[in-house]
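Please keep the sequence and the structure open beside the text while reading.

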Amino acid sequence: MIKVNNVTKIYGSGETACKALDNVSLNIGSSDIAAIIGPSGSGKSTLINVMSTLDLPTDGEILFDSEKISSMKEAKKSDFRLKNFGFVFQDFYLMSTLNAKENIILPMNYKSKVYDNALFEELVNKCGIGNKLLNYPHELSGGEQQRVAICRALLMKPKVIFADEPTGNLDSYNSKIVFDLLISYAKSNNSCLVYVTHEEKYASLADYKIEVLDGKCTNISNDTGGENA
Ligand code: ADP
């Protein structure tokens with residue numbers, strides 16, 4: 001479903017140029033669960049940002065079901081993302097002036113869509129924040145804020161969820177909850193989940209790992225399942 005074709009990403013130019021991705025090609029299937037791993041500075045965030053169209057490749061292309069999404073015009077790309085992709089980041093990016101419920105339904109307002117109330121109820125209950133909906137972000141713990149961000153992403157019924165170190169700011173108790181939620185959503189909806197993590201115990205939950213080293217990628221099969229992309 002997602003094809004990364006010969007993608008190179010260079011930040012800056014001249015002496016300060018940094019090649020963050022070096023001719024990377026990957027295939028990610030529509031219901032794959034893939035963990036991006038690798039040392040700090042190896043290119044993991046760059047890969048997930050370029051793959052999800054948040055950033056542009058310097059060279060190469062990204063295809064989604066054979067549509068070239070990397071070269072779409074900004075407005076079309078943004079619409080495409082809203083319709084197909086869900087994002088969860090290390091920093092939760094909640095609007096501080098909106099309560100939890102308003103944050104969750106915020107992307108629906110951009111699409112002027114009525115949201116699926118049954119799904120909303122299901123998500124907030126699964127995420128254990130049904131009693132926090134009127135609270136503002138500063139009144140929520142980090143784990144609760146991330147669960148609000150997850151509800152916000154999943155209410156849009158994304159075909160692909162991109163999560164960059166979603167538990168980077170969380171303790172191990174909340175980290176487990178977050179991965180359980182993301183993986184169970186992906187499995188029960190046959191959705192694709194691509195996440196960056198530096199924790200082996202969470203990387204091993206994926207079908208396979210994409211190891212990034214100096215901007216180059218290798219697929220590593222996880223013992224417990226899945227095929228290499
Ligand atoms: P990781 O997520 O694995 O820690 P990144 O993808 O953030 O790695 O970074 C890969 C390389 O690209 C690093 O050397 C980093 O310093 C560099 N880099 C990332 N973002 C930028 C940027 N906006 N400008 C210049 N260099 C950058």
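**Notes on the model**

1. Asn99 is buried, with a relative accessible area of 8%, where buried means under 20% relative accessible area, exposed means over 50%, and partly exposed covers what lies in between (1.4 Å probe, protein chains only). This is a predicted model, in which local features need pLDDT of at least 70 and side-chain atom pairs count only at pLDDT 80 or more, while totals for chains, interfaces and linings use all residues. Residues are numbered from 1 along each chain as its sequence is written, and side-chain values use heavy atoms, with hydrogens and water left out.

2. Asn99 is found in the loop between strand S6 (85-89) and helix H3 (100-110); helices (H or I, at least four residues) and strands (E, at least two) are DSSP runs, numbered from the N terminus. The side chain of Asn99 reaches the backbone nitrogen of Glu102 at 2.8 Å. Not counting residues up to four places away in sequence, Asn99 touches Leu133, Leu134, Asn135 and Tyr136, a contact being heavy atoms within 4.5 Å.

3. Which residues surround the ligand? They are Tyr11, Cys18, Ala20, Pro39, Ser40, Gly41, Ser42, Gly43, Lys44, Ser45 and Thr46, where a residue is near a molecule or strand if one of its heavy atoms lies within 4 Å of it. An oxygen atom of the ligand is 2.7 Å from a polar backbone atom of Gly41, and a backbone N or O atom of Ser45 lies 2.8 Å from an oxygen atom of the ligand. For Thr46 the side chain is involved, with an N or O atom 2.5 Å from an oxygen atom of the ligand.

4. Helix H1 (residues 44-51) is largely enclosed by the rest of the structure, because six of its eight residues are buried. The buried residues in H1 are Lys44, Thr46, Leu47, Ile48, Val50 and Met51. Just after H1, Thr53 takes a positive phi of about 70°.

5. Phe162 lies in strand S7 and is buried, with a relative accessible area of 2%. Phe162 and Ser52 are 110 residues apart in sequence, yet they are 7.3 Å apart in space, C-alpha to C-alpha. Leaving out residues up to four places away in sequence, Phe162 touches Ile2, Ile48, Met51, Ser52, Phe85, Gly86, Phe87, Val88 and Val194.

6. Ring pairs also link Phe162 with Phe64, Phe80, Phe85, Phe87, Phe89 and Tyr93 into a cluster. Here, rings of Phe, Tyr and Trp (its six-membered ring) pair if their centres lie within 6.5 Å, and planes under 30 degrees apart count as stacked, over 60 as edge-to-face and the rest as tilted. By this rule the count comes to eleven aromatic pairs. Tyr115 and Phe120 form a tilted aromatic pair, 5.4 Å centre to centre with 50° between the planes, and Phe120 counts as buried at 2% relative accessibility.

7. Glu165 deserves a careful look. Glu165 lies in the loop between strand S7 (160-164) and helix H6 (172-189). Glu165 is buried yet has no salt bridge, and the nearest side chain of opposite charge, Lys44, is 5.3 Å away; a salt bridge is a side-chain nitrogen of Lys or Arg within 4 Å of a carboxyl oxygen of Asp or Glu. For charge, Lys and Arg count as positive and Asp and Glu as negative, while His and the chain ends are not counted. A polar contact of 3.0 Å does join the side chains of Glu165 and His198, such a contact being a pair of N or O atoms within 3.5 Å; within protein, one must be able to donate a hydrogen and the other to accept it, and residues adjacent in sequence count only if both atoms are side-chain atoms.

8. Glu122 is partly exposed, with a relative accessible area of 42%. Lys201 forms another with Glu199, the closest N and O atoms being 4.0 Å apart.
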